[in-house]
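Please walk through the following model with the sequence and the coordinates side by side. The account starts from a single residue and widens from there to the packing of the chain.

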Amino acid sequence: MMMETLFFYMSLINIVSFAFMGYDKKQAGRRKRRIPEKRLFALAAAGGAIGAWTGMFYWRHKTKHPAFVYGIPVLTIWNLAAIWGIFSLK
């Protein structure tokens, strides 16, 4: 049960992170209201770092911002370590 719930959560948060990167890129091109960087980082920290990282390169968004270039990979490692920690408790 825990494994299925974690898989569902991780899938959902990564899809949302990926979509938010695309939406923010679209809004930037239209010069409209953007998603705050803090929110993008919060989604990545909450488990969506792989989706955010994939979105960065799929849409070529935030790829020149050092905070994202270095921060998102660090959060990816953090996410993977957290998952590993959860499953090593068994």
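Ala45 is found in helix α2, where helices (H or I, at least four residues) and strands (E, at least two) are DSSP runs numbered from the N terminus. With a relative accessible area of 30%, Ala45 is partly exposed, given that buried means under 20% relative accessible area, exposed over 50% and partly exposed in between (1.4 Å probe, protein chains only). Not counting residues up to four places away in sequence, Ala45 touches Leu75, Trp78 and Asn79, contact meaning heavy atoms within 4.5 Å. Ala45 and Ile15, which are 30 residues apart in sequence, lie 14 Å apart in space, C-alpha to C-alpha.

This is a predicted model, in which local features need pLDDT of at least 70 and side-chain atom pairs count only at pLDDT 80 or more, while totals for chains, interfaces and linings use all residues. Residues are numbered from 1 along each chain as its sequence is written, and side-chain values use heavy atoms, with hydrogens and water left out.

As to the chain as a whole, there are 3 helices and 0 strands, and the elements run α-α-α from the N terminus on. Taken along the principal axes, the C-alpha atoms fill a box of roughly 50 × 25 × 20 Å. Of the 90 residues in the chain, 32% are buried, and among contacts with a separation of 6 or more, 70% are accounted for by residues 24 or more positions apart.

Arg31, whose phi is positive, near 55 degrees, follows α1.

Two packed helices are described by the angle between their axes and the distance between the axes. The axes of α1 (residues 2-30) and α3 (residues 66-88) come within 12 Å and cross at roughly 170 degrees; axes are lines fitted to C-alpha atoms, for helices over the stretch in contact, and angles run from 0 to 180 degrees between N-to-C directions. The two helices are therefore roughly antiparallel to each other, a term for angles over 145 degrees, with under 35 counted as roughly parallel, 65 to 115 as roughly perpendicular and the rest as oblique. In this pairing, Met2, Met3, Leu6, Met10 and Met21 in α1 meet Phe68, Ile83, Ile86 and Phe87 in α3. By class, the contact has 9 nonpolar, no polar and no charged residues, where Ala, Val, Leu, Ile, Met, Phe, Trp, Tyr, Cys and Pro count as nonpolar, Asp, Glu, Lys and Arg as charged, and the others, Gly among them, as polar.

Lys62 is found in the loop between α2 and α3 and, at 8% relative accessibility, counts as buried. Leaving aside neighbours within four places in sequence, Lys62 is in contact with Met21, Asp24, Arg34, Glu37, Leu40, Met56, Phe68 and Val69.
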